[in-house]
Amino acid sequence: MLPGMLPLPLRTNIGENIVTLTINDGNGNSSTATAVVTVGDNLAPVTASVLAPLTVDCNGTLSVPTALDNCAGTVIGTASAPLSFVEGGSTTITWTFEDDYGNKSYATQVYNYDDNTAPVAATEDITVYLDASGNASIAPEDVENGSTDDCGTINLVSVAPNSFYCANIGENIVTLTINDGNGNSSTA
């Protein structure tokens, strides 16, 4: 850099910049001239090429990893494909990071799937009538009312008690048990 020139502030001068050069001869005589300096960014955002593996639930929520960029601005990370859940499986995602100037970098990340969220059991009240022998029974389907699971699988396991007699006339509390087939269960 020539004497009298100031460095351009980093990160704020992308594009055309008019700079002024001032020189002097040491005897009190000076002169100035201007020039256009075009500043560009050709460096891609920086991230590890292989990111640490993550374990996700079947809802497939992705946390976008970060990348650093030499210029202030936005770095957008996008995944190569949506997650496709298979319990116990995994998928490798390729992340693309792009800065405001079109520079790109890439990183891969393994997502392991593990369904660790219990289903939500939902029930409804019902009325049953005793038969001629003074007996009645119910099945899980009779009291289930829109149970849900993040992975979409609901198995109706049991309802207890499920048999009623003359001594049970009136209100009785029953418990519905469901599971998702991946080791998670809940009751209502």
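# Notebook: a predicted chain of strands

**Confidence.** I began with the pLDDT, the predictor's confidence in each residue from 0 to 100: the chain averages 86, and 90% of the residues score at least 70. Over residues 1-10 I found a pLDDT below 50, and this stretch has 10 contacts in the model beyond near neighbours in sequence (contact means heavy atoms within 4.5 Å). Where pLDDT is low, the predicted coordinates should not be read in detail.

**Ground rules.** I note that this is a predicted model, in which local features need pLDDT of at least 70 and side-chain atom pairs count only at pLDDT 80 or more, while totals for chains, interfaces and linings use all residues. Residues are numbered from 1 along each chain as its sequence is written, and side-chain values use heavy atoms, with hydrogens and water left out.

**Overall form.** I counted one helix and 11 strands in the chain; these are DSSP runs numbered from the N terminus, helices being H or I of at least four residues and strands E of at least two. Along the sequence I read the pattern β-β-β-β-β-β-β-α-β-β-β-β. The chain is more spread out than a compact globule, because its radius of gyration is 34 Å, well over the 16 Å that the globule rule gives for 188 residues. That radius is taken over C-alpha atoms, and the rule is 2.2 Å times the number of residues to the power 0.38. Along the principal axes, the C-alpha atoms fill a box of roughly 120 × 30 × 20 Å.

**Surface and contacts.** I looked up burial next: 24% of the 188 residues are buried, where buried means under 20% relative accessible area, exposed over 50%, and partly exposed in between (1.4 Å probe, protein chains only). The chain exposes about 11,900 Å², of which carbon and sulfur atoms supply 52%; the areas come from the Shrake-Rupley method with a 1.4 Å probe, and for residues only the protein chains shown count as cover. Of the contacts between residues at least 6 apart in sequence, 52% join residues at least 24 apart.

I take two strands as paired if DSSP finds at least two bridges between them. Strand β4 (residues 76-79) pairs with β5 (residues 90-98) in the antiparallel sense over four bridges, and Gly77 has Phe97 of β5 as its bridge partner. Nine bridges join β5 to the antiparallel strand β6 (residues 104-113); here Ile93 is partnered by Gln109. β5 and β6 form a hairpin with five residues between them, and Gly102 in the turn has a positive phi of about 85°.

**The sheet β8-β10-β11.** I found an open sheet of three strands in this order, with antiparallel pairing. β8 (155-160) and β11 (185-187) are its edge strands, each pairing on one side only. Three bridges join β10 (residues 175-179) to β11, and Thr177 has Thr187 as its bridge partner.

**A cis peptide.** I checked the bond from Ala160 to Pro161, which is cis with omega near -5°. Pro161 lies in the loop between β8 and β9 (163-165).

**Ser137.** Is Ser137 buried or exposed? I record Ser137 as exposed, because its relative accessible area is 56%. Ser137 belongs to strand β7 (residues 135-137) and touches Asn162 and Ser163, not counting residues up to four places away in sequence. Ser137 and Phe164 are 27 residues apart in sequence and 6.1 Å apart in space, C-alpha to C-alpha.
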